[in-house]
Amino acid sequence: MRTLTLSIDGSDVTVPEGATLLEACKKAHVDTPTFCWAENLTPVNVCRICVVEVEGARTLAPACSRKAEAGMKVLTDSERVRHSRKVVLELLGSSVDMSLAKDFAPLRQRYGADPKRLAGETVAQPVKIDNDQFVRDYSKCMLCYKCVEACGTDAQNTFAIAVAGRGFEASIATEHQASLGDSACVFCGNCVGVCPTGALMFKTEFDLREAGKWDESRQTVTDTICPYCGVGCTLTLRVQDNAIVRVTSPSDSSVTGGHLCVKGRFGLGFVGGRKP
Amino acid sequence: MLKAVRRGAKLYVVDPRRTSTCEWADGWLPVEVGSDISLSNGIARVILEEGLQNRAFIARACEGFEAFAQNVEQYPLARVTKETSVDAELIRRVARDYARADRAMICWTLGITEHHNAVDNVFSLINLGLLTGHVGKWGSGLNPLRGQNNVQGGGDSGALPNRLPGFQDVEDDAVRAAFDAKWGRPVPPKKGWHLTDMFHAMERRELTALYVIGENPAQSEADARHCHALLNGLDCLIAQDIVMTKTCEMAHVVLPATASFCEAEGTVTNSERRVQRVRKAVQPPGQARDDIEIISELSRRLGYELGLPSAEAAWDEMRSLSPMHGGMSYRRLEQLGGIQWPCPDESSPGSPFLHGRLWADPVEGPRAPFQVVHQDPPVEALDADFPLRLTTGRRLDSYNTGVQTGGYVSPLRQRETIELSPVDAKMLGVHPGDTVRVSSRRGNVTVEVAIDEHLKPGLTFMTLHAPDQVDVNQLTIDATDPKSGTAEFKAAAIRVEKL
Amino acid sequence: MDLHPINALATDAERAAIDTVLGPPLADTTIPAAEAKARRTFLLPALLGLQTRIGHVSEGGLGYACRRLGVPPAEAFGVASFYALIALGERPAAFAHVCDDIACKAAGADQLCAELEQTQGKPAHLHHRADAPKNLKHQATWAKSPCLGLCEQAPAALVTVARASPVEQSFGHATPQRIAAALKGETVERPTLHLGSHGPRKLLARQGCLDLDAYRAAGGYQALRRALELGPEAVIREVTDARLVGRGGAAFPTGRKWEAVSKAAAHPHYMVCNADESEPGTFKDRVLLENDPFSVIEGMTVAAFATGSTKGYLYLRGEYPLAAQRLERAIGEARAKGLLGTNILSHRFDFDLELRRGGGAYICGEETSLFASIEGYRGEPRSKPPFPVQSGLFQHPTAINNVETLVAALDIVRDGAKAYGTGTKLFCVSGKVRQPGVYEVPLGITLDQLLQLAGGTEQPIKAILMGGAAGTFIGPEQTGMTLSLEGAKQAGTTLGSGVVFVIDETVELTPLLRRIAAFFRDESCGQCVPCRVGTVRQEELLHRLTRGGADRPRELALLKELGQAMRDASICGLGQTASSAIESATRFI
């Protein structure tokens, strides 16, 4: 394997050819925030929270997708980087409900971001509930494209959803707003699995949250194997009050890469449905 | 597979029906149901004719090639095209692409194995792998895709009539001696019955008591009426299951069990021979008990104290007796995210593929045999009374007889239907949603019509997911493969009448 | 592709509209994935086929296009909803897009729109929401539009009448009467175009040569002959030596671009002409495309020869119907006479090109968005690197050049770099000058000289927008600046696409700035956060600032902070320049 050496915040780091700056940062123990990046999806570099400064470049570069080059000098905590990250956080926080986005609050703190400074129009809208499996609360959608990628070539190859519209009005949609049941959706829930903001949520979880009964302190998380076909997908079962309330799969599982099908994701109702 | 296709791999699909997978393929071979051996032999003949076989591999690692080559000589494309209905050029293309590929793989599911000659079907595919040397190498091989999460593990751990754990021959005295010593009791020296043998034995009243664990034969067996008669004739039927299945309803004793994948500890083995840990995440309902506990208790009452071993203790005992599982401690299974057998000791990383020995110099162990197999059409030929072919299968959101998947509301689920070709629907004068009576020599059902525009005339399709609604196994035939015991679910002769 | 079809059925007219574009359908309607990949590029043409012939894209129409091309309906919907010229709800067949962008606003577009409301009723709001209710029926016959590239004859309108043989016309000096006539399908005369030059005309030398004979008589195809004699390397050397830089706004050296493509290992190479002229205030390429189509075709052919491309695409903005008609005709004639196709001019050189029309999206002028648009995807830009010369259209090495650049290359190749000298450039002078029009001047004259060429101004100048909406405002004290890359840099501004938009004391600046802010908000593709949300926040801040009473220093500081992040962190040039004009104008408000 051929390698190359670049400098990150003044320290040399050697990575394999083809590595991204994000991977190089990781190797240099530099913590780089991401929202739209995931290890099991193709980078789309749209959230821009991971931007870094590459010496000699006119603009900042997205660490998640920019390939490392030999001799590159990268700054990850320069004034420009901190400023852009801060404003990106403020833009997201002022337009999207980021309350369930993991990492958002700590990042706000880290970059001193105050979304209120940029308060204005938001993407708030009613929750879409058109099936018993999962709900779509696009008030929480930061348009990271992850669900589209998981529905498309990165996992399911179903193409039931796409980004539609343009600009601030862009949103994730089926064709002509068809309900998921009328669309190509195969209810694999891989979109739910990759959603970073809780915009896509298990109906079980949504109902518990609505009722004020969602309580992570009373939950256990256990990895096991799907009871259905012979693929052997790892299921991560989140259980509250002896009921399975969310099913995911680890993105680093060699079998699933984090993705499941409708049976493993939503078809475990028989477990709790049995009469004692 | 789609990932590989995106990276440039070629994909050919052999299936009587045009499935989703076909849409991504470089070619679809719409074979006649039950013509697989003709196709395989035809492909082999093209490979030989064009000199594309792997001569070196055949010479070093195989045996029986001459007889095989002579046999496939009888499968010129003219014949094969007639028997399979697949275009000769397409067959030629598949043969060339398969033989010339750097690495190639044949995957199959029940379309190969749910036939009266299932094992011969598999042999015909193995022949292709040997002919081209696409075995025993990374990224190559012959890959039966398992339909259940532990069908592999069941076999691995000895749930076969002729095998002890680790596929060790029960009729081998040395093997048995190890188990006898460990258990302090002699293991019966003769192989037992497989499922089909058991039903035959019930018929002869040689088998009068049956203990069914986690299986629903009352609904999953072919020729359901016949099956019910036999089950009802038993002196004692014990059913151990997690839900009240039809089989449970027929049983004299029902033992409520835990859902092994989330209410108990243990392991399962997936299609790639990967042993994986299942873990307890929820408490079982009511009086349901862990399978190990039930079996231990039963054993105790029958006079043999098993104690109450933990899942890990039971597994460790098996590891001590089954060499291929030797290195798979729970600790390592956790660490490595499962291990593919064989894994003889704790230094072994497991085996991502099998049969690498065939490439060792010199070849380790016995040579791989070619098998002479002949085209043999489905047992039930079509005739004037039953002019349509019924093939059964599955749908994405449902599973087998629907015992588990019946427990969730799937937006994808449709009413059970019989899928007809547009030509047959027109001939019968039926439209989607019409109710028809479907009859075979064994029984009949009423069902709604759906039309699959890609289905070829003469072929019909139903699933076995909703036996309570439409009991498809009233129609299927219990002609079974003598070696595997699998019934010919894929090919029954039926008649459809408009109601 | 395993498509889940749309249940709604297409009407016969919708099927005919799509079949006209795609050819008659084959018997088997299922498209294998590999085949679908190759057909995807025809998605936008198919959708525009529906739009121009039916007047909107219905569920059934979209479904039929998807079946013909093997495109998943959700993706096709994503593409259709991306373009402003494509209507997803039913609306009247005759529809007017009335420009209220900067030049038209300065020429009274708001008044025109107010009058139109009296006669035609309220305008449609062409928002880009994907969740517009299904089966929406619009009654409105018109909508406000971003710049239509007719700034010298402002105010302008584009009127389309959907039918089997569609009528599309754009014209300036728009009045309610002229728009009403166009809506009835009547032909509306265009005012005479004003052209001027400082010194001999080179780029504008063949204006009006609409057929091949006339074009040849004016010296046409001499450059291509010369190029074929020279060979690709020498052609690239001449262009490099002439120091020709891109005239679309980015000013990248053309010779370097061609050289990189010609040396790229992967094949095929593509030659793309960026005729998606959408920068507000820009109309020079329109003048070349409409009145000298063969120059563009010849320029593409020369570039293709130099870069080793056998296939070209001419991506024309959707709002240029006259250019489309004339180019179609010219391409057909060139092909018929063997100037496109195989063995061109009896050399072992094959090249053909396809005209592709945009669907109403400023972002598609960004080169990577333009590729995505041709490929049949949403016009979303990609991160660079990789650059188009390595991985452009269909992920292959691609030379993409602006219209004027390709026409300028003709003179260089024909006469040699030495004779070319510093060359000339086209400027689009609009706003409050006596003679708005396209002016060809040698680089190096002053802005004052250019303004004099355009007849000067009647009132004192308040400000001049240089380079378009993505450029900057300069003050009247800066009119002495030299019109060259260095001169612009010195003056702290940009030549961009050659926009010189002049406002005098009679024009209010605030509405123009608000229009620019609205423009970027509307035209942001929506992909990256800094641009998608930033353009909205910028618009909001500008409204607060211009309403007065707010905490001005704080608002100004915020605007600046926002601009910095948009410049630094946006994916493409749109977001990176969206704050430029507004920031430069804050000193005037």
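This is a predicted model: local features need pLDDT of at least 70, side-chain atom pairs count only at pLDDT 80 or more; totals for chains, interfaces and linings use all residues.
Guide: Residues are numbered from 1 along each chain as its sequence is written, chains are lettered from A and ligands numbered from 1 in the order in which they are written, and side-chain values use heavy atoms, leaving out hydrogens and water.

Visitor: Why is A:Phe159 called buried?

Guide: Buried means under 20% relative accessible area, exposed over 50%, and partly exposed in between, with a 1.4 Å probe and protein chains only. A:Phe159 has a relative accessible area of 9%, so A:Phe159 is buried.

Visitor: Why is C:Ser346 called exposed?

Guide: The relative accessible area of C:Ser346 is 72%, which is over 50%, so C:Ser346 is exposed.

Visitor: What is the phi of C:Ser346?

Guide: C:Ser346 has a positive phi of about 60 degrees, although C:Ser346 is not a glycine. Most residues other than glycine have a negative phi.

Visitor: What makes β3(A) and β4(A) a pair of strands?

Guide: Strands are DSSP runs of E with at least two residues, numbered from the N terminus. Two strands pair if DSSP finds at least two bridges between them. Two bridges join β3(A) to β4(A), so the two strands pair, and they run antiparallel.

Visitor: Which residue of β4(A) is the bridge partner of A:Val51?

Guide: The partner of A:Val51 is A:Pro62.

Key. Helices (H or I, at least four residues) and strands (E, at least two) are DSSP runs, numbered from the N terminus.
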